[in-house]
Amino acid sequence: MASATLSTPVSKATKPRRGTPKWVWALPPVAVLALVFLYPLALVVQQSVQPDTGGTSLKPYADVFASSAFREALGTTVWLAVGATVGCLVLGFALALVIAFVPFPGGKAVAKFIDVFLSFPSFLITLALLFVYGSVGMANGLWTDVTGAASGPFQFLTTPWGVLLAEITYFTPFVMRPLLAAFSQIETAQLEVASSLGAKPARIVRQVILPEALPALAAGGSLVLVMCLNEFGIVLFTGAKGVTTLPMLVYSKAILESDYPGACVVAVVNVLISVGLYGLYRVVSRRAGA
C-alpha cells in the first residue's frame, strides 16, 4: 500500500485553483473615483481652455494671470494659509503639551472634545466668533453698555486678521490630534530620567519631546496648510472686506461675473498648488524617514 502511494504520478496531484486576479478588485473603486472625481475635474480643465468666443485656446489663462485681482487673491491666499499654519503649529503644540503632560481635572474630557471638534463645520466656529467679537457681538455690546459709546472697539473680524484668527481657532485641533497621538507613545521613564538628571522643563521639551513630535507636526502642519489654501466658508462668513482668496475668486467669477472659463482657470491653479504642496510633503517625509 505504501509503495502504491509513493508511485502515484505527480502530474495527477490536485492543482491549486487560480483565484480572481487582484487587479479585478481594483476596478470598482477606480471606476467610482473616475466618475465622482476625475470626470468633473477633467470637465473643469476642459472648460478652462474653452473661452466664450469658442474653440480651444489658452487665452483664459493669459487673461486671468494678467489680472491684478488674481495676483492679489493668490498673495492673500498664501499669506493667510502660511500664517494660519504657523499659528496652529505654535498654539497646537503648546495646548497638546498641557493636555498630555500636565495633569488637571477634565484632561481626558478635553482630549475627547478635540475629536468631536474635528467634525464641526468651519462656518460654525466663524459664527461663534461673530457672536462674541462681531460689530453687534457680546464684547462690543458689553463695551457700549459700560462706556455709553456708540460702537465697540472690536472691529477686527471683518479684516484679514479676523480671518486669520478664525482659521487658527478652527484648524488648531487638526494639529493637536496627531500631536496627542505622538505624545502618548513617549515613555514617561525618559522624562523622569531627564528630570532626575537636572534637566529643566524647557530643555526636556526641546531635547526629548520635540524630536518625537516632529513627524506629527509635519503631518498636522501640511494638512492645515492645504486646508487653509482651499478654505471658503470662513472667509465668506466673516464678511471680511477686501479679503479675496482663490476659492472666493472662483465663486466671484462663476456666480457674480458668469465668467466660467476664468473661474475654471483659478480652480485649476488652486488644485495644482494643493497637489504640489502635498507632493512636496511626501518627498520631505520620505527623506526624513530615511
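**Notebook: a look inside the helices**

I began at T172, which, leaving aside its neighbours within four places in sequence, is in contact with C88, L91, G92 and L95; contact here means heavy atoms within 4.5 Å. This is a predicted model, in which local features need pLDDT of at least 70, side-chain atom pairs count only at pLDDT 80 or more, and totals for chains, interfaces and linings use all residues. Residues are numbered from 1 along each chain as its sequence is written, and side-chain values use heavy atoms, with hydrogens and water left out.

I placed T172 in helix 8; helices (H or I, at least four residues) and strands (E, at least two) are DSSP runs, numbered from the N terminus. Is T172 buried or exposed? T172 counts as buried because its relative accessible area is 3%, where buried means under 20%, exposed over 50% and partly exposed in between, with a 1.4 Å probe and protein chains only.

G87 sits in helix 4 and is also buried, at 18%. Setting aside residues within four places in sequence, I found G87 in contact with G92 and I168. I also checked G87 against V36: they are 51 residues apart in sequence and 34 Å apart in space, C-alpha to C-alpha.

**Entry: nonpolar cores**

I looked up the nonpolar cores next, each a set of buried Ala, Val, Leu, Ile, Met, Phe, Trp, Tyr and Cys residues joined through side-chain atoms within 4.5 Å. Which members of the largest one touch the most other members? They are F171, L179 and F183, in a core of 45 residues. Helix 4, helix 5 (107-117), helix 6 (122-133), helix 8 (160-183), helix 9 (188-196), helix 10 (201-229) and helix 11 (233-238) each supply at least two residues of this core. Its largest share, 13 residues, comes from helix 8. Apart from this core lies another, of 11 residues, including Y61, F70, V266 and V268.

I then followed L179: not counting residues up to four places away in sequence, L179 touches G92, F93, A96, A213, A216 and L217.

**Entry: cysteines**

How many disulfides does the whole structure hold? My search found zero, taking a disulfide as a pair of cysteine sulfur atoms within 2.5 Å. C228 is in no disulfide, and the nearest cysteine sulfur, that of C88, is 5.9 Å away. C228 counts as buried because its relative accessibility is 5%. C264 is buried too, at 13%.

**Entry: the cavity**

I searched on a 1 Å grid over the protein atoms alone, where a cavity is a set of points where a 1.4 Å probe fits but cannot get out, and lining residues have an atom within 4 Å of a point. Grid points are joined across faces, edges and corners, and a volume is the space filled by probe spheres set on the points. The whole structure gave one cavity of 30 Å³ or more, and the largest cavity holds about 40 Å³ of space.

What lines the largest cavity? I noted T77, L80, A81, E167, C228, E231, V235 and T245. Helix 4 (residues 68-101) gives the largest share of this lining, three residues. By type, the lining divides into four nonpolar, two polar and two charged residues. Here Ala, Val, Leu, Ile, Met, Phe, Trp, Tyr, Cys and Pro count as nonpolar, Asp, Glu, Lys and Arg as charged, and the others, Gly among them, as polar.

**Entry: K253**

I finished at K253, in helix 12 (residues 246-256). This lysine counts as buried because its relative accessibility is 12%. Beyond four places in sequence, K253 is in contact with S258, D259, G262, A263 and V266.

Terms used. On a 1 Å grid over the protein atoms alone, a cavity is a set of points where a 1.4 Å probe fits but cannot get out, and a pocket is an open set with protein on both sides within 12 Å along at least five of seven lines; lining residues have an atom within 4 Å of a point.
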